[in-house]
Amino acid sequence: PVLKDLLVNHTSLLVSWDHPRIENGIIGHYQVFWEDTAGHPDDSQLDGTANSYTILGLSRCETYTVTVRAETSIGKWGNKSEEKQASIPNELSEVSCTLSNSQQVRLDWTLEGQGCSVSQYFLKWTTTVIW
């Protein structure tokens, strides 16, 4: 199988793939493998019609390596796909906004994952002008 880009959503990864370019028979199963940076492995086996799987319950501030492989209906497993990596980002919580004066606001927040740094924040705001 050919692994597509991994889609990150809070504490999960959506893994999707294209069926093998050259099939060695009828696909009976797919097996998705993932491993964190400490090398703790896990996997899930799916039926041969699947082309995606959502890995749930992943840890924030952790990078995961993912591969997938196919098994033919006669029980022969193919090679694993090329690896893809994705990181589960930290997330803001307890966000508060306080009006300082007519031209300033103060934003405060905490991070969900305490042992994880953040390299940048993206802030988006809108304003309404009343004349």
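**Surface, strands and selected residues of a predicted protein model**

The protein exposes about 9,500 Å² of surface, and carbon and sulfur atoms supply 48% of it. Accessible areas here come from the Shrake-Rupley method with a 1.4 Å probe, and for residues only the protein chains shown count as cover. The model is a predicted one, in which local features need pLDDT of at least 70 and side-chain atom pairs count only at pLDDT 80 or more, while totals for chains, interfaces and linings use all residues. Residues are numbered from 1 along each chain as its sequence is written, and side-chain values use heavy atoms, with hydrogens and water left out.

The protein has zero helices and 10 strands; helices (H or I, at least four residues) and strands (E, at least two) are DSSP runs, numbered from the N terminus. Read from the N terminus on, the elements run β-β-β-β-β-β-β-β-β-β. The radius of gyration is 21 Å, well over the 14 Å that the globule rule gives for 131 residues, so the protein is more spread out than a compact globule. For this comparison, the radius of gyration is taken over C-alpha atoms, and the globule rule is 2.2 Å times the number of residues to the power 0.38. Along its principal axes, the C-alpha trace spans about 70 × 40 × 20 Å.

Of the 131 residues, 29% count as buried. Buried means under 20% relative accessible area, exposed means over 50%, and partly exposed lies in between (1.4 Å probe, protein chains only). Contacts, defined as heavy atoms within 4.5 Å, tell a further part of the story. Among the contacts with a separation of 6 or more, 52% are between residues 24 or more positions apart. As for charge, the mean positions of the 9 positive and 16 negative charges are 6 Å apart. Lys and Arg count as positive and Asp and Glu as negative, whereas His and the chain ends are not counted; the place of a charge is taken as NZ of Lys, CZ of Arg, CG of Asp or CD of Glu.

The UniProt record, an unreviewed entry, carries the annotation "domain: Fibronectin type-III" for residues 1-91. UniProt positions are given in the numbering used here, feature names are shortened, and annotations may be inferred rather than shown by experiment. Over residues 1-91, the chain is 0% helix and 54% strand, and the end C-alpha atoms are 32 Å apart.

T72 is buried, with a relative accessible area of 7%. Beyond its neighbours within four places in sequence, T72 is in contact with N24, G25, I26, I27 and G28. Y64 also has its place in strand β7, and Y64 is buried, at a relative accessible area of 5%. Setting aside neighbours within four places, the contacts of Y64 include L13, W34, L58, K84 and I88. Y64 and V105, by contrast, are 41 residues apart in sequence and 37 Å apart in space, C-alpha to C-alpha.

Strand β8 (residues 84-88) holds S87, which is partly exposed, with a relative accessible area of 42%. Not counting residues up to four places away in sequence, S87 touches V8, E62 and T63.

Most residues other than glycine have a negative phi. H10, however, has a phi near 55°, a positive value. H10 lies in the loop between β2 (7-9) and β3 (12-18) and is partly exposed, with a relative accessible area of 45%. E94 likewise has a positive phi, of about 50°, although it is not a glycine. The place of E94 is in strand β9 (residues 92-101), where E94 is exposed, with a relative accessible area of 65%.

The last stop is G113, in the segment after β10 (104-111). G113 is buried, with a relative accessible area of 14%. Leaving aside neighbours within four places in sequence, G113 is in contact with R60, C61 and N90. The C-alpha atoms of G113 and L92 are separated by 8.9 Å, while the two residues are 21 residues apart along the chain.
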